Structure formats: C-alpha cells, structure tokens
Amino acid sequence: MVKEENESPNRPDNTAFTQQRLPAWQPMLSAGIVIPGFVLIGLAFIGIGVALLITSRNIQVLELDYTGTEQNSPCFQCSDPDKQNCVCTLQFSINRLFEGPVFFYYGLSNYFQNYRRYGVSRDDGQLYGDLSYFKEPYDQCEPYRYDRNKRPIVPCGSVVNSLFNDTFRLFQIVNGQQKEVPLDGKGIAWWTDYNIKFRNPTVTPLRNAFNGTVKPLFWPRPAYELDTSDPANNGFINQDFLVWMRRAALPDFRKLYRRITEGDYTNGLPAGNYSLEIAYNYPVLSFNGRKMVVFSNVSWMGGKNEFLGIAYLVIGTLCVVMSVVMLIVYAKFKFPEEE
Amino acid sequence: MGHCSSKEAAVWRCLQRNLLQRRREGSGPMTESTMKNCTMLNCITTSKYNVLTFLPINLFEQFQEVANTYFLFLLILQLIPQISSLSWFTTIVPLALVLSITAVKDATDDYFRHRSDNQVNNRQSRVLIRGSLQNEKWMNVRVGDIIKLENNQFVAADLLLLSSSEPHGLCYIETAELDGETNMKVRQSVSVTSELGDPNNLAQFNGEVVCEPPNNKLDRFRGMLYWREKKYTLTNQNMLLRGCVLRNTEACYGLVIFAGPDTKLMQNSGRTKFKRTSIDRLMNTLVLWIFGFLVCMGIVLAVGNAVWEREVGTLFQHYLPWDPPVDGFLFSAVLTFWSYVIILNTVVPISLYVSVEVIRLGHSYFINWDQLMFCSKCNTAAEARTTTLSEELGQVEYIFSDKTGTLTQNIMSFKKCSINGHSYGEVANPLGPHPKRLDFTPFNLLADPDFCFYDDTLLESVKVGDSHTQEFFRLLSLCHTVMSEEKSEGELVYKAQSPDESALVTAARNFGFVFRSRTLGTITTTEMGRTVTYTLLAILDFNNARKRMSVIVRNPEGRIRLYCKGADTVLLERLRPCKQDLINITSDHLNEYAADGLRTLALAYRDLTEEQWDMWSESHQCADKEEDLLSAAYEQIEQDMTLLGGTAIEDKLQEGVPETIALLSLANIKTWIVTGDKQETAVNIGYSCKMLTDDMTQVFIISGHSVQRVKQELRRAREQMIALSQTKDSEREEVVEGCGEVCFMKFGGAGKQSQCPPSNRMDNISGDFALIINGHSLAHALEADMEEEFITTACACKAVICCRVTPLQKAQVVELVKKYKRAVTLAIGDGANDVSMIKSAHIGVGISGQEGIQAVLASDYSFSQFRFLQRLLLDVPDQRSLEYPKLYEPGQFNLLFNKKVFFICIAQGIYTSVVLFFVPYAILADASQNNGEPLTDYQTFAVTTATALVIVVSVQISLDTGFWTIFNHVFVWGSLGCYFTIMFAVHSQTLFSSFPNHFHFVGSAQSTLLQPVVWLTIALATVICIVPVLAFRFLKLDLKPQLSDTVRHTQLMCEKKRRPAGGRVASNWRRAGSVSEGRLGARGGSRRSGYAFAHQEGFGELITSGKNMRLSSLALASFASRHSSSWIETLRRKKHAHTPPSTSGECTPALSHSSSVLGCSQEAPIEVETVQESRMIPTTST
C-alpha cells in the first residue's frame, strides 16, 4: 500500500476512516430487543415505585399553619403588621412516637424567592468576605445597595434584606410542665455553602470589617450580631442566614430550621402534647403569604414524596401495557422479511 | 471602469493619438479626455482587502451573515442592564470566536490572492516606448500601448493584433486558460496594419479604435479602426485576449484595447453565482418562523409578567420594590419581553447553520478521500470544489450530460466490419475466455501496435488474398482526407481531421493496406508489402447533406475506380441493382451493428472508363465553386456502385457508462444528453449507453425548422404517447395483478402531483418513449410560449437527447427544468461549452483529468470518470445504496427533511421540555435530602433539569444513530463526559473565588448529584421522554416500514445468517443489466441506420488544392498562392452554411481545427516552416 501511495501522490489515503470502512455497530429496533426491553423497564419501574411508595408512606409529617389570618388562630393578634415583638403559642399533640431524627422546618407560601430580580439582588463577592465589595457593593443589589446616605449596605440586596426572622421554641407538656425540646441548629445548611461559598472577612473582631457600612434595612441587628448566643455563628456563616440565602425554586417552600436529635428526643418526639412558642416578626399578609412549621422525618431517599412512587408505578405499568400492545402488533404484522 | 460599462450600447473610445507621445517621447502629458478614458493600467487586483481596509470590510461582510447579526443584536440587548438576563460574555465569546476564525481564514485567502496578483502584475512585457522596445511590468502597461509578444508568451492584455512575424499578419494562439480548448486557433491582423513590421513604423501608428465597452463575451468583438481617413472593421478574429498563449509564431505586435480589469478574462472571472441548496432556503424559512415563535413566546411571557406584576408583584414590593425606572407593570413587561428574547435565544438554532456547514465540510472531505472515485489512469481524485451542496446530491432528479469527453472518451475504434456478406469482428462466445488480441507485427511491419482487433478470420481472409477483403481495405486506405507523417521509416503518424477516419485508415494499415503519403495528385500506399502509387483524380468531398465521400483514383495499371464510403441509407440507393442478397445481408449486418450503438458506414466502388471520367471531369470543372452544380455532378458519378461491405466503429464510451445510467434511472434519476454534436452521433451514443433501446415504444425526433412545425411535432408526439400508453396500460394491468413486488412499485407515484393542468395526463404516461430534439428546433421550443409544451413532452419521456445545442441552450434547458419541475438538477460536462450549463444547474460536475479546465473551474464537484457519478449520488452506505438505487427516492421527494418532519420535531421538543420541567417540579417540591435539607432550592432544580436534558438528548441521538462507529461512541459519550466536566468546573471553588458573582453555583453539582432522588428524577424524565418515541418508531417499523428499513433489516439478517451478500433479494439493476446484455445476444431486427461520421466538409478541396502540403517547387507555390484565397472563402462559406449559427461546443474543436489548417495553408510555402512544427498540421513531402 505504501508503495502504491508513492507511485501516485494524488491517490487518497487508504485508511478505514477516509474510506468510511470503520467498523460499525448497527442497532436495529427489532422486536427481540424492544419488547423485552419494555417489559424489563416496566418491571423495574414498578419495583422501584412500590419501594418508594412504601418508604414514603412510613414517613411522618406534621404541618402547622401559624399565619394567623383566622380569628381563632392563636397568632391572630400577631398578624397585625404594626405589632412589634409579638409572641404567640401554638398547641398541638402527637398521637404516636414521631420517629427521630425529626426535622423542624418553617414554610412559606406564595413567596417568590424564585423571582429573578429578587434572586439576582445579592452580592456573592461580599458574602465571600471580599472587603472590596464592602465599599462598593455589586450593582445587582439595587435597590438595596446603598442607604439614603450613600453608605454601602453590607450584606446588600433583597434576598438578604428579606431574611426570615421568626424564631421558635418547642416545649413538650409533661404533666402540665413545659419541657423545652432542645433544637440543634448546627449543620442545617449545605456543606459547600458553609465552607466555601460564604466566608466572613478575615478581620478580628468581625465587627471592624463592617466599619463604614450599614446593616440591611429590615434587619434588627447587623450581620455580626445575628446569633447572640454563639459568637461563631455570626456574620455570613450564620446557619439560618445560609439556609435563607439558598433561595427556593418554587413559591411554596420550606426551609430547615432545626434538627431534633438531642437529649430525650434522640429517638424522636414521643406521643403527647406540645406547645410551640413563636416570635412572630415576619410579615406575609401584605402579599397573601402563609407561614407554617413542619415536622418530618426522612428515609434513605429523603422526605415524604408520594409523587415519585406513584409516577414510577404509572410509567412502569404503561411500559408493560405498551409491550403487550407491541407484541400483538408484531404478531399480526410481522416484519416483511423475517419469514 | 464603471463609467464605461454603464454606457449601454455606447462605444468604448480610446484615443490612440495621445498615447503616441508615450510611444515616441516616453510618458508625455495627457489631455484630460485621455486621462478620463485611457489611463487604465493593466494592473489587476483580485484581492479584497489591504491592511487598512481588512477589518472594516471583513467585519461588514461577516455581519451580513444572519447568524452573526443575530448574535450582535443579542449582545447589544445584553448590554442594557435592565434587560440583560444573561451575562454578556455568554454571547461575546462564541461570537468573537466565530468572527476571528473566519477573519483569519479570509486573511489567509487574501494573502495568497495578493501574492498571485503581484506575481502576475510583475510579469515583464516588451512595450514600445520612445520608438523602441522596452521592458515594462504588466501592471504598467496602458491602454493604447503597443506590445511585442514572443512565442509561448502569455498575452498581457486584450490586444488588437497589428502585425506578426508570420505572413498575412497571421498568428496562432492557444486559449486553454480562457475557454479550456487546447487546440490552436488562428488570428489575423487587419491587412493594412500587417505591413507595420518594425517598431519604427509602429511608433508612427496613430489609428483610433472605437469598440464596444468591456464585456465578458469571449467569442465576440465589435469595433472599428480609423486610420488614415479610412475605416476598418474589427472582429474577434483580430483580437488576442489576455490569458491566451502565443504559439508557433515568432513574434507579433498588438495594441492594448482593454487592460487589467476590463479584459475579457477578468470580466469572465466575475463572481460566480453563489449556489444555495433547498435545505438552506428551508432552514432560513424555518429559522425565521422560529424567530417569530420566539417573539410570540416573548410577548406571551411579557403579558404574563404584566399580569403577575399587577396581581402579585405589587403586593410583593415589600420585599422587592420596583426599580426606580420601572414604575409600573407595563414598563416591566416591556423590559421582560427583551429579557426573554435574550434568555430564550437558544430556541433559534443558529448553531444549526454551523452544524450543517461542518457536516457538509466533512462530506466534502469524504468525497475527496474516496479511493473508489480515484482514477489511476489520469491520476486524479474526485474533488468537492464547493463544500455547501452535499445534501443536494441526495435529491437529484435530472442529470444533464454532455456527450464528448463525458460519456465518451472521444476515441474511435474499428470494431466490426461486413465484407461481401460476411461479418467479422464478432466475439464468438461472450461468456468464454477473453479472446486474444491479434498480433499484426509478424504479418505487417507497418502495423500500428495500439490497434486492437480480435477476429483472426479477417486477418486470414486478407492473407489468403480474398479479393473482396483486399478491395475493402484498399478503399479504406484510399478514400479519406487523412495526412500522414513518417518521422522515420515505418513510423507513421496519421493526422486525421476526424477520429472516425483515423480509425478506418488505421484499420486498413494494420490489415496490410498502409496509407503512406499523399501529394497533390497521388496517394502512395503499401499494399501487402508492395508500394503502390495511385493517381488521385478527384475527391468528392463529404458534407452533411450528401452523407458520403468518394475518391476517384487511377491505379498503376491505369484503371480508374471510384471509391465511396457513406451512410448506408444513402449508399444503398446508389448501388448497381444486382446481388440483392448481398445488399440485404450487408444491411442486416449494419443494422445489427447499429443496434449495438456502433457507428456504421457502407463502402462501395465503381469502375469508370476513361470516357466516363473525361466526361464527368469536364462537367465537374464547369460546376466549380457552384455548390448546387457540384453536388449534382457528384450525384451523377456516384451511381451504379458495387457494394463492398460496411464498417462499424465504436465511439468508445467511458468505462461503466451504460451501467451508471441504468443504475441512476433505477434511482428515478432521469438522464438527458445535451450535446453540440450531430443528431446521428448523439443518437448512436444514446443507443450504446442503453438510454435508447430497440424495445422502446417510440422514439420521437423533433427537427422542425419553424415554430409551427416544432409545435406540431411536439403535439403529435404527445398524442401518440397518450394513445400508446393507454393500450399499454390495459395490457399492463393484467400483468401487475400477478406481480408480487408491489411494495417496490408503490413508492414512486405518491410524491409529485403538483404539475400544471395540461401535464396531468402526461404524468401518468407509461411506456418507454424517447425524445430527440435538434438545436434549431430547440431554439423554437425554448421560446416563452412553447416552453411548457416542450417540457411536458420531454419529461414524459424516458430519455431525452438534445443535439446540436449551443452552450447557451444547454443552460436554458437546465433552467427550464428547474423552473417547471422544481427538481434538483445536475449538469455534468468537460468542456468550456458546458460551463454555462454547469453554472446554472443546482449541482455542476466537471470531468477533470481531461484537456480543458474551464468546466472543472466552474463546477461544484469534479472527478475524472462519468461512472463516479453513481458513487457521488448513491453513496451512504455505498454498497447498500448501489444495490438498491430505489433508496434514492425519498431524497428526491424531500421526505426526510421537510416542514412536516420539522413540526414533528418541534412537537417532540415541546413535549420533552414540558416533561423536563414538570417532572422535577413535581418531585423536588416535596423532596429533601436524607439529612433533612430540602431539595427545592433553585440551584438543585437547575442542575437536575439540565442534567436530565443532556441525558435525554444523548439518548435521543443514540436512537437516531444507525451506525455506531468509534467516532459516534467518542462523541456521544464524550459530550456526556464534557457536560459533567464543564459543570463541575463551572461549579468549582477556583472559578468562584475569582468571580464570585458569576459562578455562584459553586458546590451545586456535588451536592445535587449525590442525591438518589435526583437520579430517580432524571431516570423518570428520561423514560417518559424516550419511551413514546421508541414505541412509535417500533410500531411504525412494523406497520409502515420504509424501504430503507426493509433493506437495512434484510442486510442485517443476511449478514447474520451468513448468506452470500446480495442474497435472494437480487438487486434490480443487476437483473436489468443482464437483461440488456441478453438483448445484445439475441438481437431483434433494428431498422435504424447506425450511420454517423464526425467529419467536416472542405478538406477534400484542401487536399486537391494542395494548400496544406509542403510544396517543394516554386511553381506549385505560386499556384497555391494564386488559389488560396478562393478556397478559403469556400471553406468559410461552407462552414457557415453547415454549422449552427453560433458555434456549439461539440463542433468547435473541429472548426478551429479547420481554421488552423486554414491559416497555415494561406502561407507562402517557404514561410510555412514554423507552422509545420505544430502537431495539428500534417506535413508530407514526396
């Protein structure tokens, strides 16, 4: 071959590629593959669906709305936006052991954290602890970039500004006595958020970094005083702050507030009566929003999720039905050349 | 010079007078009018840019592309902060990349153009300045300069030939670069200027030339020379055009008429029409629709935004007040509209253009690389000269093919003959071992070693001295106009005017009747080793009306004999009415030959007594120069002849031509032969390449000379077709019932039903019809009101042959089919005369490796053999489609990519996107990680959906991939790999820490993809998207299989069962092929004359006048010069009378051949020397 090429330089190369002779696998939608394939997929989906459904059924969920729009709601008087530092208490009971670990969520509905203008109004540079952004916040933070006196807001932007600030205390009522259920607020945010994405400026004490800046307008306290009880849980790595900053994709969402894993409640919440003390600060009535708390436990595949199991079951069944239809069609109109 | 070309019929005026100064005194001052009209230098620029203009011009050109402008538009939108929904660099990076790559490519191209411009502009030429010749660069030559050209030099500009070193102001040029023809042409100066021999005289020349403005017509020039108060008409015959090469002429002087960009060469190299494929147009339409769809979506979403802002957003202002400039929901909606235009820009498949271009580029490379389209004989590979037409190769419906050089090799070979009722040259057993080629050398030392003949009985017959056979070959050795040249003893070279004659004389030579030389009045031959000199008494020349030629010779014994060869139809009428048996047998033989597509001639002789000769000779003399009288005189003596036999010459087809045409016709591609050649020749080729067969229902010949006549003929043809097909249909219906292969038949009919009403009936014509139309009739048929009539008739025929057509008509035919049939057309040809056709067809194919390059330069694809066409069109995968040419049909009917298919794709796309959004929506709304953190966050949702999308698309692509080669694996898996790699990179800490506000997805990929729920979601979405497609395809395959599926399936099954390839489902065309071969064996009686003879009139006279021979005696010389002008006139007159008005390509070589002889013979004999070096000019001496 080499010799031949030497003879005529114009002759195209004789390679499998240039001569389009590459070995090729030619799949064909033959009945022998498609019909069993459908049966297999169908059976697998039905199996997974059943497993998911059973798992999901075993998960316990307790939702308590505390918006307080209704007259009889214990938080009715707190829903008045003019009322400051209002506290209301919600009573509820659990019939059987709420298996642990129990997760304590707060939920908001009709709340558009997914609104683009809202979502982009933040400065990840600031939140990464970059001091240059402290002086001149990212322009997307408008209208929460500078205050009226042209002082930079740190942290800036609407997401930050609208930080959820209701707080909760949970008590079990044992023999008429209120026994506080310890709530664990550590590690409720994403690991990457806590360790990578959000950083405090490397200035000690932390508050010095915020010199010349103002706190977000709606915040009662500046960022370095978010958690008065734990000095390490302040600034941009405050767990509640991190949870809020991971904005929801849908207008009805819930966010993790605390875990119940400690003390007498390691195995879960025992049956009995409980009271939830709510520091009602966050106004939602202006946009017809609702607020709730949710208690839930999880399985290997996460929280309660009926839809997934049902969807798997339906699709699996459809696949099996399809395979039967195809089998019938195939038997009737056999592929012409296959006799 | 814009001001000149804008004048319509205005004259192009050049004031020579002022330039006289340059000639005499060097560069002198010029008057204003000179400046205006005549300052053009001979400097050419084909480059587009210079350093300064490159950027603006190139960018301007690039932004004429829709895609680039669209990107620019997006970029501008993105720079408005209120609108911008994506970062600006998402647009500028790809845009800058595309722009810079194209710019670099353009710059490189232009650099090479600059280089070649420089090279050409700096060539040296000798210009007459200050009364003497000085070297000057080409670029400095001006209009009005006088240039001296030497032998083998390129002509620098369009020149008016003033004088030449040769007598009569003649010079010879080769025009290969201009029109692709390699034969020499003669040019002659105006007689008054031809005497201006030397520079001193020329410097005084102060004529004024008024001529037409610069144009691109290579074969026409009109002008006037005003000199010394006299007018001289100038024609193309006086012009030397830029690009020609001076040959066989020592030197000549020319006056520059057009320089630089005004030259005909440069005018012709104008921008070639940019060809766009129908897919391009369809894509443009679809992209526009999609853009409309995008705008609609933008409007819907903007309205949605307005409603939302009004109902919800106003309430939500507690957390998010409206931007100060956005003071209401309406304004917000307006901004949102633009935001959506940006964010949804990927809906517009701009990348589709890029993908399509890349695919086509790949196709072109595969065409270039194809070894099976490589011709080792001419060492040329196929070349895709245009990279943008590949898909149209799969949609061709009509092929327009040139004949000479494309279908045929233009080589004639002596195949068979019939002598005294005995046919020789038949191959006894076509299936037997290949017969041995006869070796003539032991028998005949003068034999031509290249001559092939296989039937040794003929040689035996000559050897045993059969008188008929010997007389037969004697005739062939005497009756012709060939000149011979004997370089050394026994080494004969024949210079024939037509290849037919050369073949016949060569045959005679090999069979022992060697034509050695001729003089004015003698022919010397070597007959069976014995030298014999015949006295040539007369040549009764050939012409198209007579269809025969004769010679009258006196042999050494003093007997006078007339030898005649010609068309059987003509000759058989002029035989002595005896030996009827022989006549019948011979004409049967000739018919058999004709049916094989061979070109036949009948041969006869007549003995003349001295009295007869004397008498006729006198009458002949009287008839001199009067054409009618002359032919009457010829008629008179060509009577009472005795039949000798007939010859059959094969006009050698290129390899594999009949097979290719048969295969293409099975693929529902119609082939039309469009040739400038004669009707007989073209029809013969039609038969030999099996386009025409004797089984055809009817062959219609349209050769009317008036509109009415043509119309009538066309109409009659149509009526007959309808009548015949009706009878045939009724026969066929009975046949079809018994026929099993209905599924193969059904396919063809459905596609095209959109013809104009009168043709409706014509569409359903069944039966094999053929139409042969002559050039002069075609001219009428192409008139506006006849077009439709012609096209309906022609398209109902299986085969169409247009003969004697001019290059322009070739293009018109193509345009006509394009216009009325809306079909994809392909034109294939090799000569300059095919250029117009190649340019106007959707796809132009040039045959390369032959002489001219003009056709190749104008073509989109070029290769060296006609048969490669089948591979070019039916390739993918080659073996399969060559075996089942029917697979080609879906492409012709556009079944694979059309609006319907497109909308199905769009519907599937919408379905997929709905699934991809709502499945994760429904699942993730409630889902949480197993550490309790919810999964509803925006970034998780985004990563899940995007991953599901990439996986669904990859699976879909895998389903659509029929051939999984290593590349498919690499690209499918590679793109998945790329997706994950890029995602992890973009979500990495490194990028985030540098640009925290742009890469804020940090960590999302890791966190999301670790969740089992996410993978369950992706799996669910994938299955929901793919399963319906899979089921639909399977059911379609079972219920309504396409031919391609069936073939694919069959082949795979065959491979599996290891049956021999091809198997039971034998290919149609092979069967067809064997049938036609079978037909060759058992020939039905063809009643068609196979006469064809590519010959030009006038050469007989040339010989008898002796003008083209080197004459040794002065006496003869004076005789020659005395007569020369008259015979030239005759030749010219006849040429005009017997060729179509505008010289069609096929006969151009012959014509120019004759004109070169014409030029030469005008010379005074002694000065002929240089000319005789030319290969064209036969020279002999006795």
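In the predicted model, B:Gln78 touches B:Ser84, B:Leu86, B:Ser87, B:Trp88, B:Thr90, B:Thr91 and B:Ile342, residues up to four places away in sequence being left out of the count. B:Gln78 belongs to helix 5 of chain B, which covers residues 66-78. With a relative accessibility of 4%, B:Gln78 counts as buried, because the limit for that class is under 20% relative accessible area. Between the C-alpha atoms of B:Gln78 and B:Glu397 there is a separation of 47 Å, the two residues being 319 residues apart along the chain.

Chain B as a whole contains 44 helices and 33 strands. It has 1182 residues, of which 54% count as buried. Among contacts in chain B that link residues at least 6 apart in sequence, 72% join residues at least 24 apart.

The confidence of the prediction was examined next. For chain B the mean pLDDT is 76, with 79% of the residues at 70 or more. Residues 1-18 of chain B have a pLDDT below 50, and this stretch makes 45 contacts in the model beyond near neighbours in sequence. Over residues 734-759 of chain B the pLDDT likewise stays under 50; here the model has 21 contacts beyond four places in sequence. The scores of the model are ipTM 0.93 and pTM 0.72.

The contact between the two chains was then considered. Chain A contributes 92 residues and chain B contributes 90 residues. Together the chains bury about 8,500 Å², and 65% of this area lies on carbon and sulfur atoms. Between chain A and chain B there are 16 residue pairs in polar contact, with both residues at pLDDT 80 or more, and one salt bridge. That salt bridge pairs B:Asp937 with A:Arg246, whose closest N and O atoms are 2.7 Å apart. On chain A, the elements that give two or more residues to the side touching chain B include helix 2 (31-57), strand 4 (102-109), strand 7 (253-260) and helix 10 (306-332). Helix 10 of chain A supplies the largest share of this side, ten residues. By residue class, the side of chain A that touches chain B divides into 56 nonpolar, 19 polar and 17 charged residues.

Over all chains, 48 salt bridges are found in the structure. In one of them, the side chains of A:Arg57 and A:Glu306 meet at 3.3 Å, N to O. Because A:Arg57 lies in helix 2 of chain A and A:Glu306 in helix 10 of chain A, the pair ties together parts that are 249 residues apart in sequence. A:Arg57 is exposed, its relative accessible area being 53%, whereas A:Glu306, at 25% relative accessibility, counts as partly exposed.

In chain B, the side chains of B:Asp500 and B:Arg599 form a salt bridge at 3.0 Å, N to O. B:Asp500 is in helix 15 (residues 499-510) and B:Arg599 in strand 25 (residues 599-608) of chain B, so this pair ties together parts 99 residues apart in sequence. Both B:Asp500 and B:Arg599 are buried. A further salt bridge joins B:Lys819 to B:Glu787, with the closest N and O atoms 3.0 Å apart. The pair ties together parts that are 32 residues apart in sequence, because B:Lys819 lies in helix 27 (residues 807-821) and B:Glu787 in helix 26 (residues 787-795) of chain B. B:Glu787 counts as buried, at 14% relative accessibility. Finally, B:Arg546, B:Arg548, B:Glu573, B:Arg574, B:Glu635 and B:Glu638 are joined into one network by salt bridges that share partners.

Technical notes: Residues are numbered from 1 along each chain as its sequence is written. Chains are lettered from A and ligands numbered from 1 in the order in which they are written. Side-chain values use heavy atoms; hydrogens and water are left out. pLDDT is the predictor's confidence in each residue, from 0 to 100. Contact means heavy atoms within 4.5 Å. Helices (H or I, at least four residues) and strands (E, at least two) are DSSP runs, numbered from the N terminus. Buried means under 20% relative accessible area, exposed over 50%, partly exposed in between (1.4 Å probe, protein chains only). Buried area is the accessible area (1.4 Å probe) that two parts lose on being put together, summed over both. A salt bridge is a side-chain nitrogen of Lys or Arg within 4 Å of a carboxyl oxygen of Asp or Glu. A polar contact is a pair of N or O atoms within 3.5 Å; within protein, one must be able to donate a hydrogen and the other to accept it, and residues adjacent in sequence count only if both atoms are side-chain atoms. Ala, Val, Leu, Ile, Met, Phe, Trp, Tyr, Cys and Pro count as nonpolar, Asp, Glu, Lys and Arg as charged, and the others, Gly among them, as polar.
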